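Subject: Structure for your review

Dear colleague,

Please find below the structure that I am handing over to you.

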Amino acid sequence: MNILVVGLSHKTASVEIREKLSIQETKIEQALQQLKALPHIEEAAILSTCNRLEIYIVAKETEQGVRELIQFLAEYSHIALAELRSHLFILLHQDAVMHLMRVASGLDSLVLGEGQILAQVKHTHKLGQQFNGIGTVLNRLFKQALTAGKRVRTETSIGTGAVSISSAAVELAQMQVESFVDYRISILGAGKMARLLVQHLLAKGAKEITIINRSIDKAWELAKQFPEGKFQVHELTDMVKIVAESDLVFTGTAATEPLLDKSHLAEVLPRYHHLMLFDIAVPRNVAADVNELTHVKAFNVDDLKAVVAQNQEARRQMAREAEGILDEEVDAFEVWWRSLETVSTISSLRNKVESIREQEMEKALSRLGSEFGDKHQEVIEALTRGIVNKILHDPMVQLRAQQDIEARRRAMQTLQMLFNLDVEEQYS
C-alpha cells in the first residue's frame, strides 16, 4: 500500500481552474464513493478550500492509483487531461505525509500561518470518516497532521496575529480607499468568512455594514455577535438593489454559480456610481465579465497575493522554527507506518513458530506420561515460550526498524519464503 496526494492550489492554478475543481461539501459523499469504487484505491479523503483541492489516497499500486485519480478529476472538472496535468502536483508517501503536515500547520497557505486551514483539515477528517472514505492509514495520518498543526500554533508564534483570507481582502480594500468611514459597505454571505470580514472591517473603522444572506435569521445571528457595529440585514432577493446602493461589496458564499454578473449590474448601477467588489469565494460569486463595466472593479482571491506578500517575510523565520516540529511528527508517523506494514509478516511468523512449539510440547508431554507433574509442565511451557520469544526478538526489531521501504519489503519477502508463511495484508 502507498500513500499519495494529487491536487492543485493557489501555487499551481488560477482561480478559474480552481473553481472548476472545487468539490462542495454536499458532493463529498458521492465523490468519496466514486473514488473508493476505483480498482486501485483503498482509502480517500478530500480537502477542498478556496485555495486548494487535494485528494489523499491509499493505493494498492502507486502508478495505477495516480492514473485513476487524475482521470476522476478530469471527468469531474470537464478539463482535458493534457491541460489538467499542467496544474496538478503529485506527492508520494513521505512527501505526501509532510505536505499534509505543512498544510495543517498553515505553512502552505496563501496567507502563511493562517488559522482557518487547521479547522478545514479537521473537517476533512470528519467527513472522510463519516462517509467511509478514511480507513486505518488515513485516519492515523490526519490525526498526526492535526497534532502537528496544533503544536506549531502553540510552540511557535507563527499564528500570532496571523491574517486570514478575509482580513487580506479588507486590507486590499483599504489600499483602494484608505478609510472606510464614508463608504457604504455590504457583505454577501453570513458564514465564517463573513464573520471575519465583519470583524476586520469594524477594526479598520467601518461604521455601517449591510449583510445580505439567503437566511435572514443567520444574518441577524452574525450581526448580534458584534454589538459595537451598526448593521442592516437583507434577504438574497434584495441583493442586486443593495449592491447597486453600495460602494464596497465583499462576497464569500458557498454558491456554485456566480451570483453577480455584468447583466445584473448594468441594469441597476448608475454610470456615475463607482463600485468595487471583493470576491473571496471559490467558486467565484462574481463573474469575471463585471470588469467590462467601466465603473466597476472586481477583485478575486488571486488578487490578494500582493497584500499577502507584505506579511510574508516576518513569518518566514517562524516557519523555519515550525519545520523542526513537523519533522518530529513525520518521523512519528513513519515509525507507525513501518510497524503497520510488518504486522502481517510478524504475526504469521509468530503464529507459525508458536504452532510448532505447541505441537512439540504436546509430543514431549505425551512421552513423559501422566506421572509428569503440572509444576514440571509449567516450567517446560515457560522454557519453550522464552526460547521462542528470544529467537523472534531480533528479527522483529530489525524488521520494524528498517527505514528503507524496499529493503524492508525484501526482508519480509525473504522471511515469508524461508518460513513458507501464508501472509494476508492487514491494517490494524
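The notes that follow cover helix packing, backbone geometry and a surface patch.

Please bear in mind throughout that this is a predicted model.

Helix packing around α2

Helix α2, which spans residues 25-36, packs with helix α6, residues 116-130; their axes come within 10 Å and cross at roughly 50°. That angle makes α2 oblique to α6, and the crossing by which α2 passes α6 is right-handed. On the α2 side, the residues in contact are E25, I28 and L32, which meet H123, L127 and G128 of α6.

Helix α2 also packs with helix α3 (residues 62-77), at an angle of about 140° and with the two axes 11 Å apart. Why is α2 described as oblique to α3? Angles over 145 degrees would count as roughly antiparallel, and the angle here is about 140°, so α2 is oblique to α3. In this pairing, too, α2 passes its partner α3 in a right-handed crossing. The α2 residues K27, A31, Q34 and L35 are in contact with L69, F72 and Y76 of α3.

The α8 and α9 pair

Helices α8 (residues 165-177) and α9 (residues 192-203) have axes that come within 8 Å and cross at roughly 45°. This crossing angle makes α8 oblique to α9, and α8 passes α9 in a right-handed sense. From α8, the contact is made by S166, S167, A169 and V170; from α9, by M193, L196, L197, H200 and L201.

Backbone geometry

The peptide bond that joins V282 and P283 is cis, with omega at about 0°. P283 belongs to the loop that runs between strands β9 (275-279) and β10 (296-299).

H93 is found in helix α5, which covers residues 93-104.

Surface patch

Which residues make the nonpolar surface patch of about 300 Å²? The patch is made by L383, I387 and I391. Of its members, L383 is located in helix α14, residues 374-401.

With kind regards

Conventions
Residues numbered from 1 in each chain as written. Predicted model: local features only at pLDDT ≥ 70, side-chain atom pairs only at ≥ 80, totals over all residues. Heavy atoms only, no water. Patch = residues over 30% accessible without salt bridge, like charges linked within 9 Å, V, L, I, M, F, W, Y side chains within 5 Å. Areas by Shrake-Rupley, 256 points an atom, 1.4 Å probe, with all protein chains shown as cover. Salt bridge = Lys/Arg side-chain N within 4 Å of Asp/Glu carboxyl O. Helix = DSSP H or I, 4+ residues; strand = E, 2+ residues; numbered from the N terminus. Axes fitted to C-alpha atoms, helices over the stretch in contact; angles between N-to-C directions. Parallel < 35°, antiparallel > 145°, perpendicular 65-115°, else oblique. Left-handed = near helix turned anticlockwise from the far one by under 90°. Contact = heavy atoms within 4.5 Å.
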